[in-house]
Amino acid sequence: MESLVYVALFAPLVGSLFAALFGMSPKNLITGIATSALLFISWVASVLLLIHVVGNGAVSTTLMDWIGAGDLLIQFGFQVDAVTAVMMVVVTTVSTVVHVYSIGYMDHDKGFNRFFSYLSAFVFSMLVLVMSDNFAGLFIGWEGVGVCSWLLIGFWYHKEDVSTDINPSISPSWAANEAFIMNRIADLGMLIGIFLIYWNTGSLTYDTFFASIPTMDAQLLVAIAVALFIGAMGKSAQFPLHTWLADAMEGPTPVSALIHAATMVTAGVYLVIRANPLYSHEAVEGVSLFIAYLGTFVAMFAATMALVNRDLKRIIAYSTLSQLGYMFAAAGLGAYWVALFHLAAHAFFKALLFLGAGNVMHAMHDELDIFKMGGLSKVMKWTYIYMGLASLALAGIFPLAGFYSKDTILEVAINEDTYLIWFALWVTAGLTAFYSFRQVFLTFSGNERYKELGHRPHEMPNYVLIAMAPLAILAVIFGFVFMDSFQAFTSTVLPAYEMSHATHEIAWVFIILTTLIALSGIFYAYKKYGAGLIRDEKVESSFVYKLLSNQYYIPKFYDSMFTKPYREISDMLWKRVDLKIVDAIVDAIAKFIYFSGDKSRAMQTGNLSHYLNWMAAGVLLVAVIVSLSAVLG
Amino acid sequence: MIWDLYLVMPLALVFIGALFLMLFSLVKQVELTNYNLVTVAFLSVSLIIELIIFQNVEHDYLFETIFAKMFIVDKLSTLFNILFLSGAILTLLINNNYFKSRDYYNGEFFALLLFSIFGMMMLAHTNELITAFISIELASITLYVLVGYNHHSPKSSEAMLKYIILGSLAGVFFILGVALVYGVVGSTYLGDIYSYLIHHQNSDISLLVVGMMFMMVTLLFKIGAAPFHSWVVDVYIGSPFPVTMFMATTLKIAIFSILLRLFLVDFAPIYPLILEIIKVVAIATLLLGSLLAIAQTQLKGMLAASSIVHVGYMLMALYAIGVGSSFAASAIIFYLISYFLSALGAFGILSFLASDEEKRHLSFDDFKGFAHERPYMAAAMTIFMLSLAGFPSTIGFLGKFYIFMSVVETGEILLAGLGILIAFISIYYYFKLIALMYFYPSPNPKKRFPFAISTLLIVGVALMIVWGGIGTGLIPFVAGADGLLTIASEALKTIGK
């Protein structure tokens with residue numbers, strides 16, 4: 001079984017290095033095919049591992065001793081238990097699809113080979129993140145996915161800043177830097193958490209840490225829980241570190257599907273789930289509840305921004321943000337398996353949604369404004385079906401995957417008697433349904449507004465559409481086929497969360513309520529946009545609309561509160577301190593040394609008799625010192 | 001007897017090779033490359049035998065019935081021989097192009113070089129002062145000839161003359177010192193001096209100390225320590241590239257072989273008397289060397305002057321040995337290896353360029369935009385400069401690290417601080433070259449990487465430097481930096497008293 005672990009882990013790395021060999025050369029189809037094939041191998045290995053773990057329990061293995069210094073011993077150890085196996089299968093499934101999809105999507109890009117190298121490197125880092133059995137390995141993967149995300153968001157780094165009326169001016173490289181820096185802020189929290197764990201347990205492995213939790217000080221546990229969650233907030237783009245996710249849409253669409261929907265952004269949720277012995281401990285109850293409330297807030301907050309956005313990808317990005325909120329809400333309430341289940345289900349339908357958006361973009365020559373589309377269902381039938389399915393799943397319509405996962409989260413909220421959370425999430429479910437279908441209808445039905453712009457949309461090649469099929473199938477069947485076995489399987493690692501009897505009795509009422517609000521959301525969207533775009537000046541100039549479309553002015557706030565003052569301070573330090581003080585001192589030292597070097601070169605006259613004199617002087621010096629130390633010592 | 005023959009094989013091979021080449025050089029039709037290859041062949045066989053000996057030898061005397069205890073064979077001597085031989089082989093192969101590009105090389109050059117190596121190898125084996133003197137002179141006299149080998153160049157002849165006169169004067173001190181030592185002890189064996197000092201701790205030994213000091217002066221002169229360093233820059237600049245390279249790397253190691261042996265064995269009882277000198281000399285060497293290096297405009301001069309600074313670091317460690325550091329001796333050997341590799345590479349690139357482009361004096365300005373013209377060579381040069389400056393992830397960093405560690409271990413924080421300061425200053429003249437190579441446009445178009453034995457070896461040396469700096473333990477069975485340090489300390493253990 002160990003070999004399977006290594007195959008699953010290293011196949012993407014081999015693919016990445018292979019593609020990197022061609023990094024500087026023109027497009028070569030082999031890189032796309034080879035990396036996809038290797039990812040498929042990784043997927044097979046992951047599935048076999050999953051089957052093995054179901055039958056025989058967790059697998060763990062140690063690759064090598066990585067750091068051994070004093071008391072510190074960090075091993076490159078991997079463990080595959082139920083949670084990891086699920087994550088691995090989700091990651092490799094989506095990655096394989098995205099790789100194949102990218103062969104078509106990146107067809108004309110001159111960075112074709114480079115793209116696949118980065119993409120596979122990302123998958124490798126993500127697998128390190130989920131497979132590691134200690135916090136050091138987790139952190140390596142954590143930073144690895146961060147770097148790959150930076151590389152991929154900024155993949156088209158040559159693009160200039162573009163100014164739109166809705167967003168502050170951003171370019172891919174700006175977005176990449178923003179994502180990276182935001183994550184660095186959060187990583188500091190993460191690192192503090194890891195250091196706290198090391199100082200107090202002397203080890204970084206999960207098992208040692210979890211075993212020592214009962215004996216640890218309550219305040220310390222709270223500190224660790226908070227610090228780790230700050231890390232999770234950055235990676236999963238939770239408020240107030242959420243702004244990077246929407247801007248990250250500057251990257252190529254397959255990247256958005258893989259990294260910014262299905263895998264990397266869920267790493268924060270994974271961390272909370274992985275550290276469940278910590279977060280379910282009674283001492284950190286407050287932190288967990290905070291996580292739940294923050295998740296709920298983000299779910300609603302992001303959904304409202306999605307209501308009015310015109311950018312196809314940003315709408316999906318906000319919906320990702322919102323769904324991550326759902327996951328945190330479930331995890332914060334202690335229903336870890338539910339969070340993980342929603343994570344998996346969301347990965348499938350959201351990746352599908354993004355890839356569908358990619359198809360639309362490809363067809364519309366990178367046009368993203370849904371106000372300029374409409375009526376695309378005639379030319380892009382399959383994309384329409386895929387995106388429709390994914391949106392239905394996202395809205396939580398029976399019997400698609402989203403229905404099961406989202407409904408369970410709402411049930412958990414009822415079960416925990418946190419009615420405020422339930423209500424907020426319930427309203428959000430309605431908003432979700434509305435903005436998903438607003439997007440679908442504006443894109444695919446109604447009048448063909450794109451004709452005015454002279455676009456000639458066309459469907460993607462067949463193999464791309466076939467490659468998307470697995471995601472579509474999973475988005476449909478994942479809930480009703482796998483939910484029960486999923487719960488049984490993950491309960492080997494995660495605390496089994498059972499609904500109380502009372503909740504069970506009245507659950508059907510809430511299911512109906514949720515379905516009703518989702519359906520009414522869809523219906524409202526249909527009424528408003530089914531026939532085509534009718535713009536309403538009054539609404540668009542209202543305060544709420546402006547607030548929402550400007551993302552609550554948070555980017556502007558960050559810009560004026562942090563970015564600009566920081567820039568000014570830096571400028572000041574550069575001009576006043578660095579140039580006038582530091583540089584001056586350095587220059588003075590250099591001048592002094594140079595001067596003395598020049599002077600001492602005079603010793604080097606090239607005259608032999610001078611050299612002989614020097615030698616005699618040296619002998620004399622030696623003699624004097626010897627006699628002095630003989631006399632004195 | 002058979003065992004002795006086996007032990008003497010490497011020495012004998014080099015000697016026979018020298019004689020053979022002497023005769024062979026009378027045949028005028030032979031191409032220069034063939035002389036070179038024959039020389040390398042002799043050296044390589046010798047090297048292989050030394051490598052086998054290193055595994056087996058503990059502590060032996062060569063032909064004890066004939067030479068008594070004049071020649072010692074232990075792991076330390078074998079390790080040094082391995083270094084000389086690999087140094088010579090690398091020097092010869094890297095300079096293969098250079099030899100062909102100059103008309104004044106002939107077969108005798110290689111014979112002389114072999115004689116010089118023979119002298120160095122004898123020096124590593126020596127257990128007796130007269131033998132030591134003969135070995136040093138044998139190595140030096142051949143080098144005097146080699147320094148002036150370019151008879152077209154007045155500079156070369158001038159360098160030779162300076163080197164002969166100053167070197168002879170230094171040699172005089174050595175033999176004078178030996179005479180004084182013999183006068184007191186009545187023997188010239190290293191072990192005898194040691195036991196005399198141990199047994200006469202309360203009697204007056206000032207004459208002996210003066211004698212030993214005179215010997216020290218010679219050795220300090222030969223390694224180019226201040227204030228006996230004035231010859232270094234002139235002679236290095238004046239000599240042909242292969243000879244400079246050979247002197248900077250191999251000769252320096254040879255002198256350290258006897259210096260370490262003397263210092264670890266005979267000087268041990270009188271450390272309190274001589275440590276001050278070592279300290280003063282070390283500090284003076286570091287400072288004066290740095291100042292000289294800053295002022296150089298020619299690269300050869302800069303490398304020559306900076307070699308003085310590197311000697312200063314090793315003298316620091318020598319001082320640390322006296323104060324009681326446990327691994328300073330291994331640190332010196334490690335540093336020798338690291339410096340040997342880095343300097344070899346740097347001189348190698350210079351000689352390659354000189355052979356290729358008919359430039360005799362390579363100044364800093366000639367390197368403007370070099371990275372755009374020859375990216376791979378520039379990358380290798382950058383590695384050599386980084387290693388010489390002691391930049392992390394190169395072997396040069398570890399060399400400096402071990403030296404500073406050993407000095408800190410003895411509690412001499414100020415001395416270690418000075419060493420680090422000097423290392424910072426050295427960044428100036430090393431990085432100047434890197435900056436020139438990368439931050440200026442190239443006047444010439446980009447050239448292809450020339451696949452030749454010299455260039456491939458240069459790249460190989462560069463990789464070894466990086467390997468030594470980071471490769472520790474990543475590949476099993478290949479010695480990384482840790483392995484080298486272990487080998488060095490193992491070799492030091494076999495040293496007899």
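Colleague: How many residue pairs are in polar contact across the interface of chain B and chain A?
Modeller: The rule finds one such pair, with both residues at pLDDT 80 or more. Keep in mind that this is a predicted model.

Colleague: Which elements of chain B give two or more residues to the side that touches chain A?
Modeller: They are α8, α10, α11, α13 and α19 (413-439) of chain B. The largest share, 10 residues, comes from α13(B).

Colleague: How do the residues on that side of chain B divide into nonpolar, polar and charged?
Modeller: There are 25 nonpolar, two polar and four charged residues. In contact terms, 31 residues of chain B meet 23 residues of chain A.

Colleague: What is the area buried between chain B and chain A?
Modeller: About 2500 Å², with 81% of it from carbon and sulfur atoms. B:Ser230, B:Leu291 and B:Ala295 supply 18% of what chain B buries against chain A, more than any other three residues.

Colleague: How do you know that the span of helix α25 of chain A agrees with what it should be?
Modeller: Its 25 residues, 608-632, should span 36 Å at 1.5 Å a residue. The end C-alpha atoms are 36 Å apart, so the two values agree.

Colleague: What makes A:Ser391 count as buried?
Modeller: The cut-off for buried is under 20%. A:Ser391 has 0% relative accessibility, so it counts as buried. This serine is in helix α16 of chain A. It touches A:Leu353, A:Ser436, A:Phe437 and A:Val440, leaving aside residues up to four places away in sequence.

Colleague: What makes A:Asp107 and A:Lys27 a salt bridge?
Modeller: The limit is 4 Å. Their closest N and O atoms are 2.6 Å apart. A:Asp107 lies in the loop between α3 and α4 of chain A, and A:Lys27 in the loop between α1 and α2, so the pair ties together parts 80 residues apart in sequence. A:Asp107 counts as partly exposed at 29% relative accessibility, and A:Lys27 does at 34%.

Colleague: Which residues do salt bridges with shared partners join into one network?
Modeller: Start with A:Glu143 and A:Arg184, whose side chains meet at 2.3 Å, N to O. A:Glu143 lies in helix α5 and A:Arg184 in helix α6 of chain A, so this pair ties together parts 41 residues apart in sequence. A:Arg184 also forms a salt bridge with A:Asp187, at 3.3 Å between the closest N and O atoms. Those two both lie in α6 of chain A, three residues apart, about one turn of the helix. The shared partners join A:Glu143, A:Arg184 and A:Asp187 into one network.

Colleague: Why is A:Asp187 called buried?
Modeller: Its relative accessible area is 2%. The limit is 20%, so A:Asp187 is buried. A:Glu143 counts as buried too, at 16% relative accessibility. A:Arg184, at 34%, counts as partly exposed.

Technical notes:
Residues numbered from 1 in each chain as written. Chains lettered and ligands numbered in written order. Predicted model: local features only at pLDDT ≥ 70, side-chain atom pairs only at ≥ 80, totals over all residues. Heavy atoms only, no water. Helix = DSSP H or I, 4+ residues; strand = E, 2+ residues; numbered from the N terminus. Expected span 1.5 Å × (residues − 1). Buried < 20%, exposed > 50% of the residue type's maximum accessible area, 1.4 Å probe, protein only. Contact = heavy atoms within 4.5 Å. Buried area = accessible area lost by both parts, 1.4 Å probe. Polar contact = N/O pair within 3.5 Å; in protein donor to acceptor, adjacent residues only side chain to side chain. Nonpolar A, V, L, I, M, F, W, Y, C, P; charged D, E, K, R; others polar.
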